[in-house]
Amino acid sequence: MRRFALVVGIVVALGLGGAPSAVAAEPGVNHFTITESFTDDDFCGTGQAVDVSISIRGTEFLSPNQPVGYRNVSQGNVVYTNPLNDTTVIRHFAGPVSDTIISGDPQGVHTHELIVSGLSGQVRTAGGSVLLGAGYIVFHEVFNGEEFVSREIIVNRGPHPNLESDLALFCDVVTDALGLS
């Protein structure tokens, strides 16, 4: 799980680091694909191994012609497999994300405003959907340099139970579905 967060974090950090501040600049379009597979030896703190396969396709706008610092539109799947019983869970997501620093200094304490629309996360098992995040959500994340400090939901239009649980619901649902609990 940490490695997946690192991969996604690198994609976002690269986009934020290369984003010029001029609003009227060309959009700086970059099409990207991420595919990776690895084993998480301590999935969600269970002490058990889970094989993870990531496939993401998207377009990022490094200098969007709008008042945001970074925007991307992507869709992807993350497949979690318990190697002991071959049970799989698929997390699918699709839609636009924008990120703007709304206060502070990026080297010190600063706040990002993130806006997510569409399907922020659907978790599916062989028995069907078990967790869904969809709709429109705005949240603020505070960082001290690169260190995450806190998250606050500002607008929530749609079910976003995982984000509302501070991302704990994902581990509860997926470890149970994979037979790890």
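Analyst: A residue counts as buried under 20% relative accessible area, as exposed over 50%, and as partly exposed in between, with a 1.4 Å probe and protein chains only. Of the 181 residues in the protein chain, 36% are buried. This is a predicted model, in which local features need pLDDT of at least 70, side-chain atom pairs count only at pLDDT 80 or more, and totals for chains, interfaces and linings use all residues. Residues are numbered from 1 along each chain as its sequence is written, and side-chain values use heavy atoms, leaving out hydrogens and water.

User: Which elements make up the protein chain, from the N terminus on?

Analyst: Helices (H or I, at least four residues) and strands (E, at least two) are DSSP runs, numbered from the N terminus. Here three helices and seven strands are found, in the order α-β-β-β-β-β-β-β-α-α.

User: Which residues of the largest nonpolar core touch the most other members?

Analyst: Such a core is a set of buried Ala, Val, Leu, Ile, Met, Phe, Trp, Tyr and Cys residues joined through side-chain atoms within 4.5 Å. In the largest one, of 19 residues, they are Phe-43, Val-50, Val-52, Ile-54, Tyr-80, Val-174 and Leu-178. At least two core residues come from each of β1 (29-40), β2 (50-61), β3 (70-81), β4 (88-104) and α3 (168-177); β2 gives the largest share, four residues. Another core, of five residues, lies apart from it and includes Leu-114, Ile-137, Phe-139 and Leu-163.

User: What does Val-52 touch, beyond residues up to four places away in sequence?

Analyst: Contact means heavy atoms within 4.5 Å. Val-52 touches Glu-36, Ser-37, Phe-38, Asp-40, Val-78, Val-79 and Tyr-80.
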